[in-house]
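Try each task by yourself before reading its solution.

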Protein chains: 2
Amino acid sequence: MALEHAILVSLAEKSASGYDLARRFDASIGHFWKASHQQIYKVLGRMESDKWVEAHLVEQSGRPDKKVYAITGEGRDELMRWSSTPTPIEAYRSEFAVKLRGLNFGDRDAVLSDVRTRRAAHVTQLAYYEASAAKHYPDPSTVADDELGAYLVLRGGFIQEQSGIAWCDEILQAFGAAER
Amino acid sequence: MALEHAILVSLAEKSASGYDLARRFDASIGHFWKASHQQIYKVLGRMESDKWVEAHLVEQSGRPDKKVYAITGEGRDELMRWSSTPTPIEAYRSEFAVKLRGLNFGDRDAVLSDVRTRRAAHVTQLAYYEASAAKHYPDPSTVADDELGAYLVLRGGFIQEQSGIAWCDEILQAFGAAER
DNA sequence: AATGCCATGTAACCAGTTACATGATTGC
DNA sequence: GCAATCATGTAACTGGTTACATGGCATT
């Protein structure tokens with residue numbers, strides 16, 4: 001399971017409360033690993049028992065107190081251990097592909113409008129990655145060494161969205177050709 | 001959930017036993033939706049209660065008897081209903097991306113060899129899709145209408161693998177550049 | 001007065017994985 | 001004799017989702 005490790009990576013970058021983590025999992029890290037706050041709290045509890053993280057209470061005025069979690073030495077060890085084990089190749093799982101495959105038994109127009117929606121979502125996400133890259137890595141040829149990982153992940157997202165758009169376009173073209 | 005619908009699509013193409021379905025989910029359909037035989041039997045049971053499929057026992061000699069499932073009218077209705085509802089856009093979830101992101105706290109060489117492994121897997125899969133396309137759709141400009149869905153799914157897999165390779169190559173290049 | 005942010009959780013449920021179980025036939 | 005294929009399941013567990021719960025402060 002990788003949520004533990006995603007949290008460890010996030011905490012290794014900067015200590016945070018469960019709430020903070022939940023917001024990070026809505027944004028940057030969330031682009032390739034989603035997690036709800038409920039699940040984050042649950043996993044943080046387990047990680048604390050495992051001594052991978054430790055919490056200290058931060059009292060605040062005007063807003064609720066919070067528990068700020070920091071990665072421990074053991075947490076860093078675990079991160080290193082995990083990093084050096086091969087990552088299992090995750091299976092694709094696309095409900096949309098199932099729908100396409102069942103085109104003969106389904107509603108062609110609905111699938112068509114589905115493709116358009118998906119294409120638009122890919123375009124939006126691509127623009128986001130593009131803006132993000134322009135902001136953080138204006139010169140891709142000289143990315144700082146400690147930013148390389150984050151940069152490459154961004155590139156991965158970018159490529160993913162590009163190919164998503166390319167697929168949608170092929171589908172739209174095939175549908176268009178069939179209707180004429 | 002889409003396993004029900006993946007099974008419905010598969011049974012709409014051709015009636016099958018749970019065992020047959022499990023094999024289909026190892027091959028063609030399995031490229032975008034995996035399922036174990038245990039889970040298939042479980043879901044088939046539920047689908048039978050829901051009247052989406054019906055089973056009849058086929059006695060065999062020399063091998064165990066089997067229950068062959070066929071899609072019902074209600075099953076086809078459900079397939080049509082599902083087809084015409086928008087497909088939720090599934091979140092990416094990549095353990096490998098998490099690992100890349102945590103490169104600063106991990107083992108660079110291990111990640112490097114991981115990339116190489118993944119690239120090789122993408123190449124193998126791409127070759128499979130290529131061979132499959134050459135065999136079933138020798139002339140892509142004239143794909144029969146009832147094969148369009150399956151063809152486009154294959155194209156999606158192809159594009160996916162291609163972009164996976166492109167990402168791996170970018171990572172390898174970045175790593176190489178950093179080491180020189 | 002209502003909405004949204006900050007902050008942390010519990011409980012019930014669901015989909016999917018892993019381990020275990022059985023038993024006959026066919027091919028090496 | 002051993003492994004693979006055919007064929008169908010049960011049981012325990014895990015990861016994740018959805019619904020529910022609480023409560024103060026700041027903004028509109």
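This is a predicted model: local features need pLDDT of at least 70, side-chain atom pairs count only at pLDDT 80 or more; totals for chains, interfaces and linings use all residues.

**Exercise 1. The surface near DNA strand D**

Find which element gives the largest share of the surface near DNA strand D, and how that surface divides by residue class.

Solution. 
- Start with the neighbours: a residue is near the strand if one of its heavy atoms lies within 4 Å of it. There are 23 residues around DNA strand D, and Gln39(A), Tyr19(B), Tyr41(B), Gln60(B) and Lys67(B) come nearest.
- Next, look at the DNA side. Of the atoms of DNA strand D that come within 4 Å of the protein, 62% belong to sugar and phosphate.
- The distance is 2.5 Å for Gln39(A), 2.9 Å for Tyr19(B) and 2.4 Å for Gln60(B).
- Then assign elements. Two or more residues come from each of helix H3 (37–49) of chain A and, in chain B, helix H2 (18–24), helix H3 (37–49) and strand S3 (66–71). The largest share, 4 residues, belongs to H3(A).
- Finally, sort by class: 7 residues are nonpolar, 8 polar and 8 charged.

**Exercise 2. The surface near DNA strand C**

Repeat the search for DNA strand C: which residues come nearest, and which element supplies the largest share of the surface?

Solution. 
- DNA strand C has 22 residues around it, with Gln60(A), Lys67(A), Gln38(B), Gln39(B) and Gly62(B) coming nearest.
- Check the phosphate oxygens. One lies 2.4 Å from a polar side-chain atom of Gln60(A), and one is 2.4 Å from an N or O atom in the side chain of Gln39(B).
- Check the bases too. A polar side-chain atom of Lys42(B) is 3.4 Å from a base nitrogen of DNA strand C.
- At least two residues each come from helix H2 (18–24), H3 and strand S3 (66–71) of chain A, and from H3 of chain B. H3(B) gives the largest share, 4 residues.
- By class, the surface holds 6 nonpolar, 8 polar and 8 charged residues.

**Exercise 3. The build of chain A**

Decide whether chain A is a compact globule or more spread out.

Solution. 
- Count the elements: chain A has 7 helices and 3 strands. Their order along the sequence is α-β-α-α-β-β-α-α-α-α.
- Compare the radius of gyration, 21 Å, with the 16 Å that the globule rule gives for 180 residues; the value is well over the rule, so chain A is more spread out than a compact globule.
- Along the principal axes, the C-alpha trace of chain A spans about 65 × 40 × 40 Å.
- As for cover, 48% of the 180 residues of chain A count as buried.

How values were computed. Residues are numbered from 1 along each chain as its sequence is written. Chains are lettered from A and ligands numbered from 1 in the order in which they are written. Side-chain values use heavy atoms; hydrogens and water are left out. A polar contact is a pair of N or O atoms within 3.5 Å; within protein, one must be able to donate a hydrogen and the other to accept it, and residues adjacent in sequence count only if both atoms are side-chain atoms. Ala, Val, Leu, Ile, Met, Phe, Trp, Tyr, Cys and Pro count as nonpolar, Asp, Glu, Lys and Arg as charged, and the others, Gly among them, as polar. The radius of gyration is taken over C-alpha atoms; the globule rule is 2.2 Å times the number of residues to the power 0.38. Buried means under 20% relative accessible area, exposed over 50%, partly exposed in between (1.4 Å probe, protein chains only).
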